[in-house]
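Here is a short briefing on one helix contact and on aromatic pairs. Please look at the structure first.

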Amino acid sequence: MGNFWNYITNNYQQIFNLLGQHLYLSIVSVLIAIVVGIPLGILISREPKLSKPIIGTTNVIQAVPSLALLGFLIPFIGIGSTPAIVMVVLYSLLPIVKNTYTGLTNIDGDILEAAKGIGLTKSQTMRKVQLPLAFPMIMAGIRISAVTAVGLMTIAAFVGAGGLGYLVFSGVQTVDNNMILAGAIPACILALLIDFIVGKLESSLSYTSKKRSTSTKGKNSKKWLIGIASILLIFAGAFTIYSKANAEDKIVIGSKNFSEQLILGNMLADLIENKTDIQVERKLNLGGSQVAFSALNKGDIDIYVEYTGTGLVNILKKNPESNPDKVYSIVQKEFNQKYGIQLLKPIGFNNTYALAVRQDTAEQYGLNSISDLAKVSNNLIMGPTLEFPNRDDGLIGLKKAYNLNFKGVKAVDGGLRYTALDKHKSDVIDAFSTDGLLEAFHLKVLKDDKNFFPPYYAVPIIKQETLKKHPELQKTINSLAGKLTDEKMRELNYKVDSLKQSPAKVAKEFLKEEGLI
C-alpha cells in the first residue's frame, strides 16, 4: 500500500490530467447518446414497426467486442477522441432507446384516453403526460449508459484519446500494479460519482418530485438542466473545432503500446522540441502495428518508430528476408511508393522476435534452441502476445519452419504474458530481444537456429508531406541514428519495466547522456 501512495504522490498531476480527459470524453459521449437515443425511443413508440429493427440493431452493436468496434472505426475516422466517443455512444444507445420505448409504451391506456378526452394533441400528450410518466424509466437507462461509458472509456487509450485507461494499459505492459490501480480506482470512483449525480437529478426532476414542488421551481429545474446540457455540448463542439484548427500547426508523435515504443516516442518528441521551434503533440501508447501504421497513413500522427521486419512482413505482406540492408531497401521503396512514407536512418538496435521459457522448463527438457523446443512442444502451452499467432513472421510461419505443435496457445496482452509465464499458466512466450522483462524474470531465450525471424531494426518513419513542410526534422531525428545498441535498449527497457521509472524520464536522461539535448 505504501508503494501505491508513493506512486500517487509522485504522479498526481498526470492522474488528475487523465481524470479530466476521462470525464470530458465520458460526459460528451453520454450527452450525444441522450440526444440520439431518446428521440429514437419516442419514434419507435409511435411507429411500432420500427421497434424491432432499431432495438435489434442496438442489441447487435452491444454484442460486438469493443476493441473490434474500435478497430473497425480507425480506418474511417482515424485515432484520438473521435473513434472513442463514437464507440461509447454506440454502446450507450441500447439502454436509453430501450428504456425510453418501454417507459412510453407501458403507460396505462386509461391515462392516454383521458388526455385525448380533454383535447390534448399527440405532441401535447407526449410532452405533458407520457414523457413525465416515463421519466424514471428513461433516467434509469441514462444511469446505466453513464456508468457503462466511464468503464468503456478506459479503452480510449488504445487509440490515443487519453483518459485513465492510459495508466491501466501502461501498467499492464510494464507489470506495474501501482500504475494499474492508479487508473482503475479513479475510474471506479468516477463511475460511482456519476451514478450518484444522475440519481439525484432523477429524484429532483421526476414527476412525483414536481408534484411536491411549485410549478415555478419545476420550470426552473428544467431550464437549469437544459442550460447545463447546452453548455456541455457547446464546450464539446468548441473543443473539437479548436483541436481540428490547431492540428496543422503541430507535429504529432505516435508509438505502439509497449515500454520500448513509449521510450522511443518520448525521445523523438524531446529531440524535436529541443532542436526546433515546432510544437509537438504526443499520442503514445496506441495499439499494435496496424493501429499505429493506419494512424500514420491516415495523417492522424506524423512520425513513429517502426521495425523493418514488421514493415516487410506484417505491413507489406512479403516473405521474411534475412539480409538487413535488403529489408530496409524494400521497405523504404514500397513505403515511399504506396503510402508516401519516408524511412529515416535506423536507430541502431535490432529488436527481433525470440522465444523464451522459464529456467526450470529449459532444464527439464534440455532447451537451448527452437529446434529443441519443437521436439517437446506438444507438452507445452504457449502464451504469446495477441498479435503473434496471426503473423506470418510469428507463429504461423514459425510452425512451418520448425514443425511446432503446442499443446495449447493462449494469447494474452503483452505485459500479461510475462506474468502468466511466471505463474506457470503458460510455458513458452514470444519476446523481443531488447525486452527488459527478460532480465527481470530471469528467462531463457532460445536460439533461432534456423534464422527464421527477419531483422527488426528500429527506424523512424514519417509522412513525406510532413518532411516537405518541416525539412529540418530529417537532420534532427537522424541525430539518433546508431545511438542505441541492443544492450543499451534492453537497459532502458529494464529501467521502465523493472525499476518502474517513467518512459519520459528514461528517454530524456538518455538524450542528455548522449549530448543530444
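Helix α11 (residues 259-275) and helix α22 (residues 486-497) have axes that come within 9 Å and cross at roughly 105°. That makes α11 roughly perpendicular to α22 (65 to 115 degrees). This is a predicted model: local features need pLDDT of at least 70, side-chain atom pairs count only at pLDDT 80 or more, and totals for chains, interfaces and linings use all residues. Residues are numbered from 1 along each chain as its sequence is written, and side-chain values use heavy atoms, without hydrogens and water.

**Helix contact**
- Ser259, Glu260, Ile263, Leu264 and Met267 of α11 meet Met489, Leu492, Asn493, Val496 and Asp497 of α22 (contact: heavy atoms within 4.5 Å).
- The residues of this contact divide into 6 nonpolar, 2 polar and 2 charged.

**Aromatic pairs**
- The count comes to 11 aromatic pairs (ring centres within 6.5 Å; planes under 30 degrees apart are stacked, over 60 edge-to-face, the rest tilted).
- Tyr353 and Phe453 form a tilted pair, 5.7 Å centre to centre with 40° between the planes.
- Tyr353 lies in strand β5 (residues 353-357) and Phe453 in the loop between β9 (444-446) and β10 (458-463), so the pair ties together parts 100 residues apart in sequence.
- Tyr353 is buried at 5% relative accessible area, and Phe453 is buried at 8% (buried: under 20%; exposed: over 50%; partly exposed: in between; 1.4 Å probe, protein chains only).
- Tyr418 and Phe441 form a stacked pair, 5.7 Å centre to centre with 25° between the planes.
- Tyr418 is buried at 2%, whereas Phe441 is partly exposed at 21%.

**Aromatic cluster**
- Phe258, Tyr353, Phe388, Phe432, Phe452, Phe453 and Tyr456 form one aromatic cluster.

Technical notes:
Axes fitted to C-alpha atoms, helices over the stretch in contact; angles between N-to-C directions. Helix = DSSP H or I, 4+ residues; strand = E, 2+ residues; numbered from the N terminus. Parallel < 35°, antiparallel > 145°, perpendicular 65-115°, else oblique. Nonpolar A, V, L, I, M, F, W, Y, C, P; charged D, E, K, R; others polar. Phe/Tyr/Trp six-rings, centres within 6.5 Å; stacked < 30°, edge-to-face > 60°.
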